[in-house]
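Dear colleague,

I am passing on to you the structure that follows. Please look through it first and then read the notes below.

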Amino acid sequence: MNNPLRLAALDDHPVVLAGLKAVEQVSAGELKIVHSVTEPEELYRLVVEMPVDVALVDLQLKDGLKGPEVVERLDELGVPSVVYTAELRPLPIRRAMAAGALGLALKNDPLDGLIRTIQGAAAREFAVSSQLADVLIKDPSLTPKLAPREIEALELLHQGIPRKSVGRLMNPPASESTVDTYLRRVSGKYRQLGRTVHGVPDALSHAERDGYFEG
(Lines give C-alpha, C1' and ligand atoms only; values in the text may rest on other atoms or scores of the structure.)
Protein backbone atom coordinates (compact mmCIF):
# COMPACT_ATOMS: atom_id res chain seq x y z
CA MET A 1 0.00 0.00 0.00
CA ASN A 2 1.32 3.45 -0.95
CA ASN A 3 1.84 6.09 1.69
CA PRO A 4 -1.25 8.34 2.04
CA LEU A 5 -1.23 11.82 0.56
CA ARG A 6 -0.52 14.32 3.32
CA LEU A 7 -2.96 17.23 3.59
CA ALA A 8 -3.07 20.60 5.30
CA ALA A 9 -6.42 22.32 5.80
CA LEU A 10 -7.04 26.02 6.43
CA ASP A 11 -10.51 27.18 7.46
CA ASP A 12 -11.52 29.70 10.11
CA HIS A 13 -14.47 27.52 11.14
CA PRO A 14 -13.24 24.72 13.43
CA VAL A 15 -16.38 22.69 12.73
CA VAL A 16 -15.39 22.48 9.05
CA LEU A 17 -11.91 21.31 10.00
CA ALA A 18 -13.39 18.67 12.27
CA GLY A 19 -15.69 17.51 9.49
CA LEU A 20 -12.79 17.06 7.10
CA LYS A 21 -11.65 14.12 9.19
CA ALA A 22 -14.30 12.18 7.29
CA VAL A 23 -12.11 12.50 4.21
CA GLU A 24 -9.55 10.19 5.77
CA GLN A 25 -12.19 7.53 6.40
CA VAL A 26 -13.83 7.76 2.96
CA SER A 27 -10.46 7.65 1.21
CA ALA A 28 -9.68 4.27 2.79
CA GLY A 29 -6.24 5.35 3.90
CA GLU A 30 -5.25 7.22 0.72
CA LEU A 31 -5.40 10.64 2.41
CA LYS A 32 -4.24 11.90 5.80
CA ILE A 33 -4.75 15.36 7.30
CA VAL A 34 -1.53 16.29 9.10
CA HIS A 35 -2.21 20.00 9.66
CA SER A 36 -5.58 21.48 10.52
CA VAL A 37 -5.42 25.23 11.23
CA THR A 38 -7.47 28.40 11.35
CA GLU A 39 -4.67 30.93 10.73
CA PRO A 40 -2.67 31.36 7.50
CA GLU A 41 0.58 32.20 9.28
CA GLU A 42 0.38 28.96 11.21
CA LEU A 43 -0.26 27.10 7.97
CA TYR A 44 2.84 28.59 6.32
CA ARG A 45 5.00 27.65 9.31
CA LEU A 46 3.71 24.10 9.51
CA VAL A 47 4.03 23.24 5.83
CA VAL A 48 7.68 24.32 5.99
CA GLU A 49 8.35 22.29 9.15
CA MET A 50 6.42 19.25 7.93
CA PRO A 51 5.74 19.37 4.16
CA VAL A 52 2.42 18.24 2.70
CA ASP A 53 1.28 17.09 -0.71
CA VAL A 54 -1.77 19.38 -0.94
CA ALA A 55 -3.28 22.23 1.07
CA LEU A 56 -7.03 22.84 1.26
CA VAL A 57 -7.80 26.56 1.46
CA ASP A 58 -11.10 28.26 2.21
CA LEU A 59 -11.81 31.50 0.33
CA GLN A 60 -13.73 33.28 3.06
CA LEU A 61 -11.24 34.00 5.82
CA LYS A 62 -11.53 36.40 8.74
CA ASP A 63 -9.59 39.62 9.36
CA GLY A 64 -9.81 40.70 5.73
CA LEU A 65 -7.52 37.94 4.48
CA LYS A 66 -8.33 36.58 1.05
CA GLY A 67 -8.02 33.01 -0.11
CA PRO A 68 -6.15 34.02 -3.30
CA GLU A 69 -3.42 35.61 -1.16
CA VAL A 70 -3.00 32.34 0.73
CA VAL A 71 -2.95 30.35 -2.52
CA GLU A 72 -0.24 32.61 -3.92
CA ARG A 73 1.91 32.27 -0.79
CA LEU A 74 1.54 28.48 -0.81
CA ASP A 75 2.54 28.42 -4.45
CA GLU A 76 5.71 30.32 -3.51
CA LEU A 77 6.38 27.65 -0.87
CA GLY A 78 5.93 24.91 -3.46
CA VAL A 79 2.69 23.58 -1.98
CA PRO A 80 -0.15 22.82 -4.42
CA SER A 81 -3.48 24.08 -3.17
CA VAL A 82 -7.13 23.21 -3.65
CA VAL A 83 -9.77 25.82 -2.93
CA TYR A 84 -12.40 24.20 -0.69
CA THR A 85 -15.28 26.61 -0.35
CA ALA A 86 -19.00 27.30 -0.09
CA GLU A 87 -18.46 30.38 -2.27
CA LEU A 88 -20.52 30.33 -5.47
CA ARG A 89 -19.61 33.73 -6.90
CA PRO A 90 -17.48 33.23 -10.01
CA LEU A 91 -15.04 36.10 -9.58
CA PRO A 92 -13.57 35.28 -6.13
CA ILE A 93 -13.16 31.69 -7.30
CA ARG A 94 -11.48 32.76 -10.53
CA ARG A 95 -9.09 35.03 -8.62
CA ALA A 96 -7.96 32.05 -6.58
CA MET A 97 -7.44 29.99 -9.72
CA ALA A 98 -5.41 32.83 -11.23
CA ALA A 99 -3.31 32.94 -8.04
CA GLY A 100 -2.21 29.37 -8.67
CA ALA A 101 -4.77 26.98 -7.17
CA LEU A 102 -4.72 23.56 -8.80
CA GLY A 103 -8.29 22.64 -8.01
CA LEU A 104 -11.71 23.69 -6.81
CA ALA A 105 -13.90 21.63 -4.49
CA LEU A 106 -17.28 22.92 -3.35
CA LYS A 107 -18.28 22.17 0.21
CA ASN A 108 -21.72 20.97 -0.88
CA ASP A 109 -20.26 18.39 -3.28
CA PRO A 110 -19.88 14.73 -2.23
CA LEU A 111 -16.62 13.77 -0.53
CA ASP A 112 -15.57 11.58 -3.43
CA GLY A 113 -15.41 14.71 -5.58
CA LEU A 114 -13.17 16.39 -3.02
CA ILE A 115 -10.93 13.31 -2.92
CA ARG A 116 -10.57 13.22 -6.71
CA THR A 117 -9.72 16.92 -6.70
CA ILE A 118 -7.04 16.46 -4.04
CA GLN A 119 -5.51 13.54 -5.91
CA GLY A 120 -5.43 15.55 -9.13
CA ALA A 121 -3.72 18.50 -7.43
CA ALA A 122 -1.16 16.19 -5.84
CA ALA A 123 -0.32 14.96 -9.35
CA ARG A 124 -0.02 18.61 -10.46
CA GLU A 125 -3.13 18.24 -12.62
CA PHE A 126 -6.00 20.72 -12.46
CA ALA A 127 -9.17 19.12 -11.06
CA VAL A 128 -12.66 20.06 -9.87
CA SER A 129 -15.18 18.33 -7.64
CA SER A 130 -18.22 18.67 -9.89
CA GLN A 131 -19.65 20.07 -13.10
CA LEU A 132 -20.84 23.14 -11.18
CA ALA A 133 -17.31 23.82 -9.97
CA ASP A 134 -16.07 23.60 -13.56
CA VAL A 135 -18.79 26.02 -14.73
CA LEU A 136 -17.95 28.54 -12.00
CA ILE A 137 -14.37 28.65 -13.23
CA LYS A 138 -14.81 28.53 -16.99
CA ASP A 139 -18.24 29.67 -18.18
CA PRO A 140 -17.80 33.12 -19.76
CA SER A 141 -21.54 33.76 -19.71
CA LEU A 142 -21.70 33.93 -15.91
CA THR A 143 -20.12 37.37 -15.63
CA PRO A 144 -19.40 40.24 -17.99
CA LYS A 145 -15.81 41.16 -18.72
CA LEU A 146 -15.52 44.64 -17.29
CA ALA A 147 -12.62 46.95 -18.08
CA PRO A 148 -10.43 48.13 -15.17
CA ARG A 149 -11.74 51.70 -15.44
CA GLU A 150 -15.33 50.46 -15.41
CA ILE A 151 -14.62 48.44 -12.28
CA GLU A 152 -12.90 51.43 -10.66
CA ALA A 153 -15.97 53.61 -11.23
CA LEU A 154 -18.25 50.90 -9.85
CA GLU A 155 -16.07 50.39 -6.77
CA LEU A 156 -16.19 54.09 -5.92
CA LEU A 157 -19.98 54.11 -6.24
CA HIS A 158 -20.14 50.97 -4.11
CA GLN A 159 -18.13 52.80 -1.43
CA GLY A 160 -20.84 55.46 -1.30
CA ILE A 161 -19.06 58.14 -3.35
CA PRO A 162 -21.63 60.42 -5.05
CA ARG A 163 -21.83 59.84 -8.79
CA LYS A 164 -20.77 63.41 -9.59
CA SER A 165 -17.60 62.96 -7.51
CA VAL A 166 -16.50 59.59 -8.88
CA GLY A 167 -14.49 60.96 -11.79
CA ARG A 168 -12.39 63.26 -9.59
CA LEU A 169 -11.36 60.30 -7.41
CA MET A 170 -10.39 58.00 -10.25
CA ASN A 171 -6.72 57.52 -11.08
CA PRO A 172 -6.20 59.26 -13.43
CA PRO A 173 -9.26 61.48 -13.00
CA ALA A 174 -12.10 61.26 -15.51
CA SER A 175 -14.81 63.69 -16.54
CA GLU A 176 -18.37 63.20 -15.38
CA SER A 177 -19.43 62.36 -18.93
CA THR A 178 -16.70 59.73 -19.19
CA VAL A 179 -17.88 58.11 -15.96
CA ASP A 180 -21.40 58.05 -17.37
CA THR A 181 -20.01 56.26 -20.43
CA TYR A 182 -18.31 53.66 -18.25
CA LEU A 183 -21.54 53.03 -16.37
CA ARG A 184 -23.61 52.74 -19.54
CA ARG A 185 -21.12 50.19 -20.85
CA VAL A 186 -21.37 48.16 -17.66
CA SER A 187 -25.16 48.16 -17.84
CA GLY A 188 -25.02 47.14 -21.49
CA LYS A 189 -22.64 44.26 -20.79
CA TYR A 190 -24.98 42.91 -18.13
CA ARG A 191 -27.96 43.19 -20.46
CA GLN A 192 -26.04 41.20 -23.08
CA LEU A 193 -25.90 38.36 -20.55
CA GLY A 194 -29.66 38.50 -20.12
CA ARG A 195 -29.57 40.32 -16.78
CA THR A 196 -32.27 42.85 -15.93
CA VAL A 197 -30.57 46.22 -15.59
CA HIS A 198 -32.68 49.39 -15.58
CA GLY A 199 -29.98 51.67 -14.22
CA VAL A 200 -26.80 52.02 -12.21
CA PRO A 201 -28.26 50.59 -8.95
CA ASP A 202 -29.11 47.36 -10.79
CA ALA A 203 -25.62 47.20 -12.30
CA LEU A 204 -24.07 47.71 -8.86
CA SER A 205 -26.24 44.97 -7.41
CA HIS A 206 -25.20 42.48 -10.11
CA ALA A 207 -21.53 43.42 -9.78
CA GLU A 208 -21.66 42.89 -6.01
CA ARG A 209 -23.29 39.47 -6.41
CA ASP A 210 -20.65 38.47 -8.95
CA GLY A 211 -17.86 39.41 -6.54
CA TYR A 212 -16.34 42.39 -8.34
CA PHE A 213 -15.82 44.29 -5.10
CA GLU A 214 -13.69 41.69 -3.33
CA GLY A 215 -9.94 42.25 -3.42
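Leaving aside its neighbours within four places in sequence, with which residues is alanine 122 in contact? They are Leu5, Asp53 and Val54, where contact means heavy atoms within 4.5 Å. Please note that this is a predicted model, in which local features need pLDDT of at least 70 and side-chain atom pairs count only at pLDDT 80 or more, while totals for chains, interfaces and linings use all residues. Residues are numbered from 1 along each chain as its sequence is written, and side-chain values use heavy atoms, with hydrogens and water left out.

Alanine 122 belongs to helix α6, residues 111-122. Helices (H or I, at least four residues) and strands (E, at least two) are DSSP runs, numbered from the N terminus. With a relative accessibility of 24%, alanine 122 counts as partly exposed; buried means under 20% relative accessible area, exposed over 50%, and partly exposed in between (1.4 Å probe, protein chains only). Leucine 102 is 20 residues away from alanine 122 in sequence, and their C-alpha atoms are 8.7 Å apart.

The chain as a whole has 11 helices and 6 strands. Of its 215 residues, 47% are buried. Its C-alpha trace spans about 65 × 35 × 30 Å along the principal axes.

Helix α4 (residues 67-76) packs against helix α5 (residues 90-99) at an angle of about 10°, and their axes are 8 Å apart. Axes are lines fitted to C-alpha atoms, for helices over the stretch in contact, and angles run from 0 to 180 degrees between N-to-C directions. The two helices are therefore roughly parallel to each other (angles under 35 degrees count as roughly parallel, over 145 as roughly antiparallel, 65 to 115 as roughly perpendicular and the rest as oblique). On the α4 side, the contact is made by Pro68, Val71, Glu72 and Asp75; on the α5 side, by Pro92, Arg95, Ala96 and Ala99.

Asparagine 171 and proline 172 are joined by a cis peptide bond, with omega about -5°; proline 172 is in the loop between α9 (163-169) and α10 (176-192). Although alanine 28 is not a glycine, it has a positive phi of about 55°. Alanine 28 lies in the loop between α2 (21-26) and β2 (31-37) and, at 58% relative accessibility, counts as exposed. Arginine 124, also not a glycine, has a positive phi of about 60°.

Yours sincerely
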